[in-house]
Amino acid sequence: MAIASNETAVSNSRFIQVLIYLTLLLFALFYLLPFGIMVLNSVKPLAEITGGNMMSLPVVFTLEPWAKAWSTAQIGVEANGLSPYFWNSIKMVVPAVTISTILGAVNGYVLTKWRFRGDTLIFGLMLFACFIPFQIVLIPMARILGLSGLAGSTPGLVLVHVVYGLGFTTLYFKNYYQVFPTELIRAAQIDGAGFFRIFWRILLPSSGPIIVVSIIWQFTNIWNDFLFGASFADFDSQPMTVALNNLVQSSTGVKEYNVHFAGAIIAALPTLLVYIVAGRYFVRGLMAGSVKG
Amino acid sequence: MSFLKIENATKSYGSVEVLHKIDIEVQEGEFLVLVGPSGCGKSTLLNMIAGLEGITSGNIHINGRLMNGVHPSKRNIAMVFQSYALYPNMTVGENITFGLEMHGVPKPERDAAMARVANMLQIDQLLDRKPGQLSGGQRQRVAMGRALVRDPDVFLFDEPLSNLDAKLRVDMRTEIKKLHQKLKTTTVYVTHDQIEALTLSTRIAVMHRGYVQQLGTPQEIYDSPANVFVATFMGSPAMNIIPAQVVMAGDHPSIEVKDSSGKPVSLRFSHPGLAKWKDREVLLGIRPEAITDVEGADRKAQNVQTFTNLVDITEPAGSDTFVTMTLCNQAVIARMRSDIVVAPEQHFEFAVNMDKAVVFDPQSEDRIQLD
Amino acid sequence: MAQPAMQEDLKTRLQHWIPKLVLSPSLALTLVFVYGFILFSLYLSFTDSRLLPSYNLVGFSNYEKLFQLRHWNIAITNLGIFAGLYISICTIIGLTLAIFLDQKIRGEGVLRPIFLYPMALSFIVTGTAWKWFLDPGIGLENTMHLWGWETFEFNWIKDRDYALYTVVLAAVWQTSGFVMAMFLAGLRGIDNEILKAAQIDGASNWNLYKRIIIPQLRPAFLSAFVILSHLAIKSYDLVIALTGGGPGRATELPATFMYSYTFTRKQMGIGASSAVIMLLTIVAIMVPYLYSELREKK
């Protein structure tokens, strides 16, 4: 993962170095443990969990909890497992990520290369919108979705996520395009290219890295969202996170912990995979939104 | 009929006026250099000619057409930028032909034009590379290729050599000059380097604070600067400007300055017209190469004055030695051949070629016209 | 201003308007769905809305009622404790880990992803994982008992007085890696030559960090504070998954309060006013920060 590496000039005694390694390893354990335990216990039969030690290796190794979590677990009134909700999430995430990324790209392009009076204010307004507590828009959004017939539907959720993700994607692309020299645009203007051609032929082809950052960041945020899913989706369109919560919070009957764990891991897998494969871009996204410069 | 006509051009940003009523006429085939310190408005003026910035008032005509408000791509101009501005994702070939592509030129013609230009600039072997793989000098040539291929009415250069190292800069300067001699396209060239201005141009516009200080041939600018700014900006080392007084020697005017010990030195002035300034203070302008040792003085000069003065420092520079002395409490630089024996803190006899002397009004800093 | 000296041709005029046209949908969406909605919620907070929005204005009575509600006061007290602990612990852990990782450690490429991965998880997943880890019946307490430590007690999650700290624990687990990444980037931006000069001046490692390096991390501290406080105020998902707000109201936070009062208890006016208070708190922190950031970036 690429955080600029610059070897520090500080040097330590042997003793301190050992202490440092120890601390770091302890923390690594701290971070790995909860998730590791979930994985471990998701392949045990229920009896082993309730009767045994969460930290012990499975005596009987079974994938049954996984199958159950995916296709037969009781969630709300349905007993189809998490799979329908997995697809709900996909149906919601893909359009939302695509639209917010495209809008973010052209917005960033306009705000850096086609400056006009008041554009900083406009950007400030869009940026601030990222940071509001979403509780403040829940009520009106529920009303508008209801009035426009989008309540409880996937397109409604897509709209919500696009609107509230726009500020971040615009921020990423703006910071990225800022670095391209204005003379590039001028040369293209003299050559006869207009607004869209300059974007399509010159800026976009060089935008690979930031497009990946935007997609990853949006994907992670939207996939992991719970509040909007819980507020604006009904049973048909509930995303994965809401379904998982329903599964886990069910108070009737026997608590099938192993199924819960399997379900949680299924819910976490997409974003985890993205993180493992493209973690470098994930970090860039985090940094772009926070550290100065 | 001038080819490029800038008429009464003014540029304001809000209430701040940065260019004031610029009037320049450029004939076809001329190489006009806009030179001046940063902030003088030369790049702004260039952008206005290109159409990248609007003109607040006044007119710009190119080849007889009024260009106010016309989009840059429709002015039949081409521009080379300081940072080259090559499209990073395209190959050299694509970079060069992009403009033609945008104007709807069919592929076979584009390729022919590209080949011609690549040959002229000797970048044939680079056509498939991307800008990131090229050296500074190669990028510069590709940028020029992109401009050349359009066969425009006017070439515009915006400090194209500033990003190159010294040696490369000299080489490219020569290439630009050769290209201009061959193609004879009207060119407007912006630089802050006065040597580029003097060597490349047919005419120079010296700019300062949004005004054209002087418009003339390199010789005119060098020998008869319009004011103190032009005099000290052009030429390196700068022209010496020495506060002096006009005294009469009989009925012929003389310039009187004080040497390092305060003693007055009288230098006979060539033009009798200066008598009008009798007993008044003026600024004497004399270039370092006009102050030499006695034998080194220009033999064709008609009015050479000599005087003795204390040498402050000497700077041997290979082909010449620069000698600094004090006149009227001011550091004055003289230039002489390097084999002259001259030592600091010793007295030395200097010769001044007063044919080359100019005088300025101390108040307005304008040159006093005496013809 | 002087009369414009040119009639712009079509192409130039288009290039003037197209950028603004392209930007306008996003701007419109933002103005309506963010600022318009804020105003709407603000308006509602001054009405007597219950299940559905009503438009009868009742002045500040919702706010008065709000601050008299025991649940709300618990919620904001909890937020204060939670935010205070969350921000300070995350900062300390983040800074420590960053400094340690910066000490020419081998295996940084493995350790750093491990510290950061929790950020990729949903708060619901985090809440679920920790919920069982902390459950006395099957979690850590149970394990310790089975391993022989019979008297080990760790039932915070079920204890009214301690449940809030479990939320802190889970939240710190999730985001301290991110704080570490920020500090690490900041550390790596410090000019090594300054450190060498200080070493020649005789500074010990401790002093090096205390007097030179940490003060130079001020921007990172600021960013961390702003982002963490923002996350703290918004905390909803984690609480729902971990404790559901309980036991009782022990882990109630303004975010959970707002949701339950608006949608479950059908007190929309009060719910709206609680949301407004949340917004005001965030504005108080973010606006000065954003303003200074935007001014510099110009």
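Trainee: How many residues apart are C:Trp130 and C:Phe133 in helix α5 of chain C?
Mentor: Three, so about one helical turn separates them. Bear in mind that this is a predicted model.

Trainee: What kind of aromatic pair do C:Trp130 and C:Phe133 form?
Mentor: An edge-to-face one, with 5.3 Å centre to centre and 75 degrees between the planes.

Trainee: Buried or exposed, C:Trp130 and C:Phe133?
Mentor: Both are buried. They also belong to an aromatic cluster that includes A:Phe27, A:Tyr31 and C:Trp173.

Trainee: How many aromatic pairs are there over all chains?
Mentor: 54. One of them is A:Phe134 with A:Phe228, a tilted pair at 4.8 Å between centres and 45 degrees between planes. A:Phe134 sits in the loop between α5 and α6 of chain A and A:Phe228 in helix α11 of chain A, so the pair ties together parts 94 residues apart in sequence. Both of these residues are buried.

Trainee: Which charged residue sits over the ring of B:Tyr222?
Mentor: B:Arg287, with its charged end 3.9 Å from the ring centre. In chain A, A:Lys174 lies over the face of A:Phe123, 4.5 Å from the ring centre.

Trainee: Switching to the sheet in chain B. What is the strand order?
Mentor: β2-β1-β4-β5, an open sheet with antiparallel pairing. β2 and β5 of chain B each have a single partner strand, so one side of each is left without a neighbour in the sheet.

Trainee: Which helix packs on the sheet?
Mentor: α1 of chain B, residues 42–50, which touches β1, β2 and β4 of chain B. The direction of α1(B) makes about 115 degrees with that of β1(B).

Technical notes. Residues are numbered from 1 along each chain as its sequence is written. Chains are lettered from A and ligands numbered from 1 in the order in which they are written. This is a predicted model: local features need pLDDT of at least 70, side-chain atom pairs count only at pLDDT 80 or more; totals for chains, interfaces and linings use all residues. Side-chain values use heavy atoms; hydrogens and water are left out. Two strands pair if DSSP finds at least two bridges between them. Helices (H or I, at least four residues) and strands (E, at least two) are DSSP runs, numbered from the N terminus. Contact means heavy atoms within 4.5 Å. Axes are lines fitted to C-alpha atoms, for helices over the stretch in contact, and angles run from 0 to 180 degrees between N-to-C directions. Rings of Phe, Tyr and Trp (its six-membered ring) pair if their centres lie within 6.5 Å; planes under 30 degrees apart count as stacked, over 60 as edge-to-face and the rest as tilted. Buried means under 20% relative accessible area, exposed over 50%, partly exposed in between (1.4 Å probe, protein chains only). A charge sits over a ring if NZ of Lys or CZ of Arg is within 6 Å of the ring centre and within 35 degrees of the ring normal.
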